[in-house]
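Please open the model in your viewer and keep the selection panel at hand. We will go from stop to stop, and at each one you will hear what to select.

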Amino acid sequence: MTQSPMTPGIAANRLSQAEMAANFADIAPRFDRHEAMVAADRCYFCHDAPCMTACPTSIDIPLFIRQIATGTPEAAAKTIFAQNIMGGMCARVCPTETLCEEVCVREVAEGKPVEIGRLQRFATDTLMDKGIHPFTRAAPSGKRVAVVGAGPAGLSCAHRLALHGHEVTVFERRPKPGGLNEYGIAAYKSADDFAAREVDWLLKIGGITIRPGALGSDISLAALEADHDAVFLGIGLGGVNALTIPGADLPHVRNAVDFIAELRQCDKSALPVGRDVVVIGGGMTAVDAAVQSKLLGAQTVTMVYRRTKDKMSASLYEQDHATAAGVKIIYGAAPKAITPAGVEFAYETGETFVLPADQVFKAIGQTLTLPPIAKDGAKLARRSGKVWAGGDCAAGGEDLTVTAVAQGRDAAEEINAVLVGAVG
Amino acid sequence: MANLTSNFIGIKSPNPFWLASAPPTDKAYNVERAYEAGWGGVVWKTLGSEGPPIVNVSGPRYGAIWGADRRLLGLNNIELITDRPLQVNLDEIKMVKRKWRDRALVISLMVPCDEESWKDILARIEDTEADGVELNFGCPHGMAERGMGSAVGQVPEYIEMVTRWVKQYSRMPCIVKLTPNITSILPPAVAANRGGADAVSLINTIKSITNVDLDAFSPFPMIDGKGSHGGYCGPAVKPIALNMVAEIARHRETRGLPISGIGGVTTWRDAAEFMALGAGNVQVCTAAMTYGFKIVQEMISGLSEYLDAKDMALSDLIGRAVPNFVEWQDLNLNYVTKARIDPDLCISCGRCFAACEDTSHQAIAMSPDRVFTVKDEECVACNLCVDVCPVEQCITMVELPKGSVDPRTGRTVGDYANWTTHPNNPAVAAE
Ligand SMILES: Cc1cc2nc3c(=O)[nH]c(=O)nc-3n(C[C@H](O)[C@H](O)[C@H](O)COP(=O)(O)OP(=O)(O)OC[C@H]3O[C@@H](n4cnc5c(N)ncnc54)[C@H](O)[C@@H]3O)c2cc1C
Ligand SMILES: Cc1cc2nc3c(=O)[nH]c(=O)nc-3n(C[C@H](O)[C@H](O)[C@H](O)COP(=O)(O)O)c2cc1C
Ligand code: SF4
């Protein structure tokens, strides 16, 4: 090893292979059977359970946990997948601390919720490891639907449409399907190539073809509408908010999402990272860029957020996770200028300071690009004519994997109702 | 998804999970919600004769015992049969049955032990179009003192007599519900069979006191400073019920008599166990009262997964374990096992050590760094360590192969041989 965390500038190979492997290993490995049984035993099987209401896909959580407790994790998995076909990914990436587990009656009573996310993973992994796809397609309906974007929203929609017997073509502009599951989520949350394995498993339903193609350049919405009975847009947020301060276009300044996308696809030791890294922003993307910089071997990583701690969109759990990884978080400071050596910030009260930085990541929010249909605020309307939209690109809900899955599924149900003539 | 359709003495239901006659089946509101939740059938809360309805206490009717984390393990009640007017029940039954043709609806009955009373009630329920009747010879409190319920169920002659009346005055399939408050379940079951019962169901509740209030010095549930015995049910009674079901299933005179298994059924696994020991279907009360009607979904998915995994039809399961339910003297005395502790699963709590060292055969060794191992030369294979270990599958029983030497006895493991031929058996020595 010639490089180390102390090596100045932007450098690859700061850590040994072993350290790198340990850093990017599965952050919350699957429960073994004993752990699952103990965790499942804590569920009270609440009536009209708060966890179920808090889940954007309304998984029947008490039922699936009872199915685990009675030794039928495969049945538990079916309960999960019936509501959320990406229950496997959601079990890994959902911020459960702000969703189901936050409202668990045992969290309220004892400060220790039933570990719903990890139980969900135990169940879904059990079934998926057996290679079982628990759904069969209805007889072909003869209807054709185009889905744009093979992220969680698009794939969830495609799966539900295929289930109903429709013929689905998914157009994706990136080389691999999966959307941010493949190119965004922190590597240690989706270890062992889970995103790709999940897509392969999901496609076993049949009736779904993924084709390369970018809406706007290769294909037009008008053509899709002409060729299909319905169109679903799950294109996510393609753009990033611009940082308009001096030095923002210097070569050591990068979009956090691009850095993360590269990290997810490359051999991690080969990925260069700064010795002193500064991340500007306060969301999940900022946390992931900061933490993963640290895991790649950066010596100091500082996340600077312009507002107060409670306004930060990354949850308290995520913030703790970052600080535990060695990231320093500074609240209430806005960037003023970037130089090749560092970033100057100013507190709301006017005091300024400079952080040395070999590398700067911008994580100040993503935006919708290419809005081809009616908008609802800054995002797409969920439906306009025969075009539906869901996930990050569409109005309503938080920008989370699980929300994308829910909106994709619900759009598919609406499309199905229209195609079979139940509603207009 | 396995086909769970059930045909119990000609009564069809989409699955073999019925609600037992009790508060969950007390009225149309409950029963319809139960059907919506997926229950295959119900036995309506026991009806009595025409006349002023019976009266329940207005203080607590339940006592309970709990396991860890306050899990309800046993429930005791002093509730009587329905306290609603007969005609209200009959009207509701008729309405519900018409609406839910595919579900089973059986009426539970308990009237005084004379021919006229039974003739009269059977005539009155005829018009409801219910699928069958269940004779409640089981309730151990309140009604027994009035010469009904378990007071009938404890006298085989009465059981036979009443069953005959019912078969004489009604075309409906007749299930006789037995009380466990007897020394042997066989005479009551035989009596029901002789009386012409189409099936028996068991168990009803067991006479019990769950606890005593140590300030008021009264059994609980306490009504104004006093308590009376109640009827015990829930997971705690399952072993008693399973044994009684199995005894009837294998007894020469009652073999083949359809059985509806009741007592502590809480999960699909409990239901499958009852069925393997001869029950054609199961009835549930306490589990529904503890967790709500929705638990049937777990029973349905679990039983279906199990049957699919075993590639069995529901009918293949019923009675499948009965031939293996034998007397002690038929057990193989040359079957030798030893406990094995999996060091990877062991969490070093030491409970197996305490149990074996203090109360069994001093067959577990403990190292200074808390590694636990079984001493084969001491282990009698009692299974206590397995039962007290908090980690499932951590301690297992491993069979010694035939021909190997048991280090405890120094004897070679031989072929099947039981007590009837054992040299220590005085009966054998006498020959
Ligand atoms: C760094 C990062 C970390 C995150 N961590 C979490 C987390 O831990 N937990 C969580 O719940 N959420 C997390 N999120 C949010 C989550 O990833 C998104 O909410 C979710 O992926 C949205 O799904 P989607 O299908 O709407 O969009 P995307 O996942 O963005 O998928 C959109 C797809 O459409 C394709 N596409 C876009 N435009 C076109 C076009 N014109 N033609 C064809 N194809 C196109 C894209 O290539 C992509 O494959 C994170 C997001 C980021 C950026
Ligand atoms: C509150 C209560 C009331 C009951 N009432 C009746 C009844 O009216 N008729 C009857 O046959 N059994 C009655 N039972 C007995 C149940 O039907 C059932 O046999 C018993 O509870 C065992 O099943 P379980 O362990 O699933 O509860 C009652 C049980 C309870 C708990
Ligand atoms: S369950 Fe509680 S609230 Fe309901 S009737 Fe009984 S005592 Fe009253």
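A word to settle first: buried means under 20% relative accessible area, exposed over 50%, and partly exposed in between, with a 1.4 Å probe and protein chains only. This is a predicted model, in which local features need pLDDT of at least 70, side-chain atom pairs count only at pLDDT 80 or more, and totals for chains, interfaces and linings use all residues. Residues are numbered from 1 along each chain as its sequence is written, chains are lettered from A in the order in which they are written, and side-chain values use heavy atoms, with hydrogens and water left out.

**Stop 1: a loop in chain B**

Select B:Asp69, in the loop between strand S5 (62-66) and S6 of chain B. Strands (E, at least two residues) and helices (H or I, at least four) are DSSP runs, numbered from the N terminus. B:Asp69 is not a glycine, yet its phi is positive, about 60°. Most residues other than glycine have a negative phi, and most peptide bonds are trans. With 37% relative accessibility, B:Asp69 counts as partly exposed.

**Stop 2: the loop between S13 and S14**

Now move to B:Asp224, found in the loop between S13 and S14 of chain B. Is B:Asp224 buried or exposed? Its relative accessibility is 77%, so B:Asp224 counts as exposed. Here too phi is positive in a residue other than glycine, near 55°. In the loop between strand S13 (218-220) and S14 you will also find B:Pro221. The peptide bond leading from B:Phe220 to B:Pro221 is cis, with omega near 0°.

**Stop 3: another cis bond**

Select B:Leu202 and B:Ile203, which are joined by a cis peptide bond with omega of about 15°. B:Ile203 sits in the loop between strand S10 (199-202) and strand S11 (206-208) of chain B.

**Stop 4: the largest cavity**

How many cavities of 30 Å³ or more does the structure hold? There are six. A cavity is a set of points, on a 1 Å grid over the protein atoms alone, where a 1.4 Å probe fits but cannot get out; lining residues have an atom within 4 Å of a point. Grid points are joined across faces, edges and corners, and a volume is the space filled by probe spheres set on the points. The largest cavity has about 440 Å³ of space. To centre your view, select B:Ser21, B:Ala22, B:Asn204, B:Thr205 and B:Cys285, the closest to its centre of the 36 residues that line it. Helix H9 (286-291) of chain B is among the elements that supply at least two lining residues, and H9(B) gives the most, with three.

**Stop 5: helix H2 of chain B**

Select residues 86-99 of chain B, the 14 residues of helix H2. Buried in H2(B) are B:Leu86, B:Asn89, B:Leu90, B:Glu92, B:Ile93, B:Val96 and B:Lys97. Down the helix axis they fall within an arc of 165°, so they line one face of H2(B); the arc is that of the directions from the axis to the C-beta atoms. Among the elements covering these buried residues are helix H1 (28-37) and helix H3 (115-126) of chain B.

**Stop 6: over to chain A**

Finally, select A:Gln67, in helix H4 (residues 61-69) of chain A. A:Gln67 is buried, with a relative accessible area of 2%. Beyond neighbours within four places in sequence, its contacts (heavy atoms within 4.5 Å) include A:Thr72, A:Pro73, B:Glu298 and B:Ser301.

Key:
The expected span of a helix is 1.5 Å times one less than its number of residues. On a 1 Å grid over the protein atoms alone, a cavity is a set of points where a 1.4 Å probe fits but cannot get out, and a pocket is an open set with protein on both sides within 12 Å along at least five of seven lines; lining residues have an atom within 4 Å of a point.
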